[in-house]
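Take a moment with the structure, and then let's go through the interface together.

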Amino acid sequence: MCGIIGIASNKSVSSNIIQSLKKLEYRGYDSAGIATIVNGNIDEKKCSGRVDNLEKILFKNPTKGVSGIGHVRWATHGIPNTLNAHPHSSEEVSVVHNGIIENSNQLKQDLEKKGYKFKSQTDTEVITFLLTDFLKNLDLVDAINKTLDKLHGSFALGILFKKHKDIVAGARRGSPLAVGYGPKENYLGSDSYALKSMTNKITYLDDGDICLLTNNRIEFYNSKNKKINKEILTLSNDKHTAEKGDYKDFMSKEINEQNITVKTCIKEYIDQIRKGINIYNFPINPKEIQKIILIGCGTAFHSCLTAKYWLEELTSISTEIDIASEFRYRKIKFNKKYLYIFVSQSGETADTFAALDLCKKNNVKTCSIVNVVESSIARNSDFVLPIHAGPEIGVASTKAFIGQMLVLYILAIKLSEVRGEISKSDYEKNIFDLKKLPDLIKETLDQQDKIQIIAKDFLNAKGAMFLGRGLSFPIALEGALKLKELSYLHAEGYPAGEMKHGPLALIEEGLPVVILAPKDRYFEKTISNMQEVIARGGKVILITNENNKIISENVRFTFEIPAANNNLAPFLMTIPLQLLAYHVASLKNCDIDKPRNLAKSVTVE
Ligand code: F6R
């Protein structure tokens, strides 16, 4: 998704803007641009494609401005080309924008009537011309507020002014925006990650806030043009660096470090001395929670689905799951005895945030499970449980998915204990087993060469299916999602028991079908479903912890995960599926870390 950088300094800012834009590349984008004020004029440079292209343009034609804004764009209105890349400038102002202006067509017509000539197909240019128009009669803050009043939708803005060469302005409604404090310069960023290499002192703008930055001053204003004070936060240090190291790409690094991220997370939540779980201060007395509603998008939604099985198994709390983009528009019957849990790696996903906001407006208690503790979702929920996975750069979520499941599983065990629904010995046994998880993950990762061989079978396939029952069902969904997003191969995840109700029609000679069958209470049933697939010519890849030659007959490949507590099987089955998607995509020469059309932080709905 789009990313914003702004720097107000007393020395040339272009190379720092480029470096910061590179930090935002993980979000997924299709064009890039920068603007500074040089000799009293706006100097705008932009290009389609990568920040590297922009760097080359600047190498040939450097820009010397001491304040500037930069942007990576993920196309919403208008194709990804140089003309539609941000910034969008008039004679007076230059604007970078994240989000969507829903009434841009109407505003464009009004502005055209006033004589403004639009160059791009974007919704952003209306902001440029509205500001230009208001600046004829108003000061900066008033002109920005009057512009914001006209806009419908969600947005974060970075703005430069021809007549104020040392000022960078920012404004937000809906989309996140952070201000960073440096010793001799100040910063604007669409997320704190991009600012981290320059400062760890941050202030987050709230909806309706405006900021004006110079190299030695930061001012905040509200929507009534009144100066306001804002809290300065110190960002946490990441224990894991966001460098690739010796790995070919971030995704293989992130898959291969899961034993370590899981170990870190377990250490954070398991009290080594008391052997208990360190989760206290629930926003509702856990004994009084009548229902848990888990909400997320994409991979995060799949982790919610695994949690439903664990919570139902371990506690008496009834559990519902919801996709954030659906939840936010339904007529939900909110209840103060329910706990609403939001799962999000980035903590910035627009739909998940909107669903959280709806809960807040209805005065119900919220908990968030996030990777980025400084994120909007974390900051706005009553209770935060971090997953401690370190920065996840690959667009396809891997270690964050495992981390989300882990925290949800730990939460389920904790709730069963505090509600008195588990015996002391079972509680301790679950914790004891959980501590073995990092080694079990390592053991599974050590078999990755086998997956490389299996991946070849998918190269000429026209699709693939992933089937599982119980806790393996969400993992089947996740396996299919990973394969589609990385290798662009059509894939379906299904509960194995649903096959006869339609999808069995898809099975034909040679179709790869991944069967997830750990030795749990569903095992025999899943194996029967597998036989039905084999009978119709499906090429089965069986993932199981049951070493049984008879069952493996007629199976193309069997991948054995280590035997473990049944509740841990989802973690172990996920690993070969991540590797499978990775290797199929590699064989097809797909861009592993930045799959086409996708973004890491989905800040528009
Ligand atoms: C898939 C993937 C996405 C995200 C989804 C939610 O690999 O990464 O499906 O899971 O966009 O993102 P977060 O977790 O940041 O809310």
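Which side chains meet in a salt bridge, with N to O at 2.7 Å? They are those of E313 and R521. Bear in mind that this is a predicted model. The count between domain 2 and domain 3 is 1 salt bridge, while 13 residue pairs, both partners at pLDDT 80 or more, are in polar contact across the two domains.

Sorted by class, the side of domain 2 that touches domain 3 holds 12 nonpolar, 10 polar and 4 charged residues.

Now for a wider view. The protein chain is divided into domain 1 (3–235), domain 2 (246–435) and domain 3 (446–591). Between domain 2 and domain 3, the C-alpha centres are 26 Å apart. On the domain 2 side 26 residues are in contact with 25 residues of domain 3.

How much area do domain 2 and domain 3 bury between them? The value is about 2,200 Å², with 66% of it on carbon and sulfur atoms. Within domain 2, the residues that lose the most area to domain 3 are H302, Y309 and W310, which together make up 23% of what that side buries.

Conventions:
Residues numbered from 1 in each chain as written. Predicted model: local features only at pLDDT ≥ 70, side-chain atom pairs only at ≥ 80, totals over all residues. Heavy atoms only, no water. Domains from an automatic or database assignment. Contact = heavy atoms within 4.5 Å. Buried area = accessible area lost by both parts, 1.4 Å probe. Salt bridge = Lys/Arg side-chain N within 4 Å of Asp/Glu carboxyl O. Polar contact = N/O pair within 3.5 Å; in protein donor to acceptor, adjacent residues only side chain to side chain. Nonpolar A, V, L, I, M, F, W, Y, C, P; charged D, E, K, R; others polar.
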